[in-house]
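Please keep the sequence and the structure at hand while reading.

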Amino acid sequence: MTTAQTLFSHLPATDRLLRDAAFTALLAEFGHTRVVATLRMLQNEAREHIRSASKLPDWSEDWAKKTRSVLEASQRSALQPVFNLTGTVLHTNLGRALQAEEAIAAVTEAMRSAVTLEYSLDDAGRGHRDRAIADLLCELTGAEDACIVNNNAAAVLLMLAACANGGEVVVSRGELVEIGGAFRIPDVMRQAGCTLVEVGTTNRTHLKDYRAAAGENTSLLMKVHTSNYHIEGFTKAVSEAELVTLGNELDLPVVTDLGSGSLVDLSQWGLPPEPMPQQLIADGVSLVSFSGDKLLGGPQAGIIVGKKALIERIQSHPLKRALRADKMTLAALEATLRLYQHPETLVERLPTLRLLTRSAEDIHRQATRLLPAFEQRFGELFDVRVEACLSQIGSGSLPVDRLPGAALTFTPKDGRGTTLAALTQTLRELERPVIGRVAEGRLWLDLRCLENEALLLEGIAQ
Ligand SMILES: *Cc1c(COP(=O)(O)O)cnc(C)c1O
């Protein structure tokens with residue numbers, strides 16, 4: 001027999017393995033089908049290995065152990081909890097806003113129980129699913145009515161589809177934004193069945209440009225908040241208030257895609273100000289749309305607030321049914337909005353605001369506390385330090401302004417990129433992966449979003 005044939009004959013048969021005591025626990029835990037499928041896969045892998053390397057794979061000493069590790073790896077959730085130490089508070093790829101405990105409790109309850117989603121207890125008739133939250137939104141923004149959908153992209157699409165009636169929508173060339181993930185204003189217009197009329201230039205748009213573009217086919221004047229970029233220098237944009245004056249004169253509604261939109265004045269905590277939906281409503285804007293999971297700090301949702309007649313058109317448009325929010329989203333959103341009714345405790349209870357308002361000193365102290373543990377674990381290969389850094393809000397909010405904070409930085413002592421890559425990989429492979437950012441030849445773990453210090457230390461000690 002050749003070596004390969006001898007080795008093939010050493011591969012244990014599935015039946016024999018399954019009778020092993022070590023496999024009893026695996027069968028109970030993962031079920032017969034998955035254990036057998038994994039064994040077949042491993043046997044093929046072993047045969048491949050024999051063919052290519054003329055020896056058994058190292059793991060074949062312990063089939064049960066290998067089977068367990070493969071099965072456990074496949075059990076890992078697609079939504080694995082991680083430490084977001086990227087320095088971006090509202091990180092779209094990491095799920096944006098963390099929910100308040102109140103929102104978590106409300107969602108859990110809504111999941112477990114039947115709820116009055118479209119049911120009014122007063123007359124036992126069918127209510128309207130956005131009703132209760134719309135009332136809350138009206139109270140918080142001064143709007144006449146509101147509508148909630150899956151996300152702000154959906155809100156913009158629906159707003160245009162329902163209110164432009166296939167007509168022309170006038171937008172400044174300085175506001176034809178791409179948000180990422182293929183959300184571009186011109187494309188959304190097309191999908192909504194309306195015609196985009198661009199006015200002004202990239203850097204300057206005047207009220208007279210809107211006036212000149214408005215004609216008998218015009219249905220809406222639109223403003224889009226340029227959330228993820230900033231034009232500086234010789235610029236001019238028309239404010240919502242000015243546009244409303246023109247809209248009133250021409251009998252055209254003004255609608256705004258605000259993107260993030262904060263329901264509280266962020267400057268009270270020294271944060272850069274962000275436009276507030278209530279301000280635009282006060283300025284007379286007919287419809288304002290914004291996200292639930294950006295600065296608002298709630299679940300993924302799109303919120304439209306504004307004039308009753310227009311919201312009614314939106315509510316009865318067939319797309320609303322396709323884009324509506326589910327009971328879990330609505331439960332989380334309602335609980336989040338209720339926190340805004342009590343602004344004194346908002347910073348404490350709303351994670352997004354709590355993280356955004358952390359002081360540089362507080363984060364610096366935390367970094368100093370954590371330094372010894374990281375030095376002990378990584379100090380041999382890396383120069384580990386506490387350094388000042390700038391974090392960002394993320395999700396297109398306030399793209400220019402940065403929040404001063406602190407990070408632990410890791411500079412490879414051998415100066416090699418491969419050493420750095422190995423470190424980021426090690427951290428990604430922890431039970432709760434640690435996600436940082438690499439810049440200037442160093443790994444930065446920005447601690448702004450670290451609340452559970454003990455859990456991180458536990459992971460590092462692994
Ligand atoms: C983020 C953003 C959107 C998309 O909002 P989602 O809630 O992510 O769908 C649309 N418009 C603007 C201006 C934005 O900033």
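A residue is called buried when its relative accessible area is under 20%, exposed when that value is over 50%, and partly exposed in between. By this rule Thr345 is buried, because its relative accessible area is 16%. Thr345 sits in the loop that runs between helix H15 (327-340) and helix H16 (346-349), and its side chain makes a polar contact of 3.0 Å with the side chain of Arg349. The model discussed here is a predicted one, and each value that follows is to be read with that in mind.

**The chain as a whole**

The chain has 462 residues, of which 47% count as buried. Its secondary structure comprises 20 helices and 15 strands, and the C-alpha trace spans about 95 × 55 × 45 Å along the principal axes. When contacts between residues at least 6 apart in sequence are considered, 73% of them join residues that are at least 24 apart.

| Helix pair | Axis distance | Angle |
|---|---|---|
| H1 and H4 | within 10 Å | roughly 160° |
| H3 and H5 | 9 Å | about 15° |
| H3 and H4 | within 7 Å | roughly 120° |

For helix H1 (residues 3-10) and helix H4 (residues 32-53), the axes cross at roughly 160°, and H1 is therefore roughly antiparallel to H4. The crossing of these two helices is right-handed. On the H1 side the contact involves Ala4, Leu7 and Phe8, which meet Arg47, Ile50 and Arg51 of H4.

From H3, the residues Ala22, Phe23, Ala25, Leu26, Glu29 and Phe30 take part, and they meet Trp63, Ala64, Thr67, Arg68, Leu71, Glu72 and Gln75 of H5. The contact of H3 with H5 is made up of 8 nonpolar, 2 polar and 3 charged residues.

H3 also packs against H4, with axes that come within 7 Å and cross at roughly 120°, so H3 is oblique to H4. Phe23, Leu26, Leu27 and Phe30 of H3 make this contact together with His32, Arg34, Val35 and Leu39 of H4. The residues of the contact of H3 with H4 divide into 6 nonpolar, 1 polar and 1 charged.

One further residue of H4 deserves a look. Gln43 is found in helix H4 and is buried, because its relative accessible area is 6%. Apart from neighbours within four places in sequence, Gln43 is in contact with Leu11, Pro12, Ala13, Thr14 and Trp63.

**Two residues with positive phi**

Which residues other than glycine have a phi near 50° or about 50°? One of them is Arg96, whose phi is positive at about 50° although Arg96 is not a glycine. Arg96 is found in the loop between strand E1 (83-84) and helix H6 (101-112), and it counts as buried because its relative accessibility is 19%. Asn165 likewise has a positive phi, near 50°, in a residue that is not glycine. Asn165 has its place in the loop between helix H8 (152-163) and strand E3 (168-172), and it is exposed, because its relative accessible area is 61%.

**A buried strand residue**

Ala407 lies in strand E12 (residues 403-412) and counts as buried, because its relative accessibility is 0%. Leaving aside neighbours within four places in sequence, Ala407 is in contact with Arg385, Val386, Glu387 and Cys389, and also with Trp444, Leu445, Asp446 and Leu447. Between Ala407 and Gly31 there are 376 residues of separation in sequence and 45 Å in space, taken from C-alpha to C-alpha.

How values were computed:
Residues are numbered from 1 along each chain as its sequence is written. This is a predicted model: local features need pLDDT of at least 70, side-chain atom pairs count only at pLDDT 80 or more; totals for chains, interfaces and linings use all residues. Side-chain values use heavy atoms; hydrogens and water are left out. Axes are lines fitted to C-alpha atoms, for helices over the stretch in contact, and angles run from 0 to 180 degrees between N-to-C directions. Helices (H or I, at least four residues) and strands (E, at least two) are DSSP runs, numbered from the N terminus. Angles under 35 degrees count as roughly parallel, over 145 as roughly antiparallel, 65 to 115 as roughly perpendicular and the rest as oblique. A crossing is left-handed if the near helix is turned anticlockwise from the far one by less than a right angle, and right-handed if clockwise. Contact means heavy atoms within 4.5 Å. Buried means under 20% relative accessible area, exposed over 50%, partly exposed in between (1.4 Å probe, protein chains only). A polar contact is a pair of N or O atoms within 3.5 Å; within protein, one must be able to donate a hydrogen and the other to accept it, and residues adjacent in sequence count only if both atoms are side-chain atoms. Ala, Val, Leu, Ile, Met, Phe, Trp, Tyr, Cys and Pro count as nonpolar, Asp, Glu, Lys and Arg as charged, and the others, Gly among them, as polar.
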